[in-house]
Amino acid sequence: MKKTKMEIIDYPIVRIAGLRTEEGIRVAFSGVSAAPFRSLQLESILNDRSVPLEQRIEHTVHAWPAPILNDILASEAYRAFVLRYALYDTMVALGG
């Protein structure tokens, strides 16, 4: 999933690669922080089905392990906003 300000010509603000496995959903992120990454801690939060999806997403954003970028493409607040919706879309698409 790729989220940009202008889908046709702009650089990604948030990019999520997601995969459903027997162990749960795996996700990797780019565009949110300075370097792309995968976090087992964030995956653990997202895969905890005892918590409603919206709360898992909020916990994931609050547990973000690196500073969220604040640059000419998007402010930190806007990236976090887009990240929440991209996570929601990704989790729904993968049955999370």
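Y85 sits in helix 3, residues 76-93. Helices here are DSSP runs of H or I with at least four residues, strands are runs of E with at least two, and both are numbered from the N terminus. The model is a predicted one: local features need pLDDT of at least 70, side-chain atom pairs count only at pLDDT 80 or more, and totals for chains, interfaces and linings use all residues. Residues are numbered from 1 along each chain as its sequence is written, and side-chain values use heavy atoms, without hydrogens or water.

Turn to helix 2, residues 53-62, which holds T60. T60 counts as buried because its relative accessibility is 0%; the buried class lies under 20% relative accessible area, exposed over 50%, and partly exposed in between (1.4 Å probe, protein chains only). A polar atom of the T60 side chain lies 2.7 Å from the backbone oxygen of R56. Beyond its neighbours within four places in sequence, T60 is in contact with L42, I45, L46 and L87. Contact means heavy atoms within 4.5 Å.

Now the strands. Strand 2 (residues 14-21) and strand 3 (residues 24-30) pair antiparallel over seven bridges. Pairing requires that DSSP finds at least two bridges between two strands. A hairpin of two residues links strand 2 to strand 3. A17 stands opposite A28 in strand 3. A28 also stands opposite R38 in strand 4. Strand 3 and strand 4 (residues 37-38) run antiparallel, joined by two bridges.

The hairpin of strand 3 and strand 4 has six residues between the strands, and there G31 takes a positive phi near 85°. Is G31 buried, exposed or partly exposed? G31 counts as partly exposed, because its relative accessibility is 23%. G31 touches I13, L69 and R79, not counting residues up to four places away in sequence. G31 and R79 are 48 residues apart in sequence, yet their C-alpha atoms are 8.7 Å apart in space.

Methods
A polar contact is a pair of N or O atoms within 3.5 Å; within protein, one must be able to donate a hydrogen and the other to accept it, and residues adjacent in sequence count only if both atoms are side-chain atoms.
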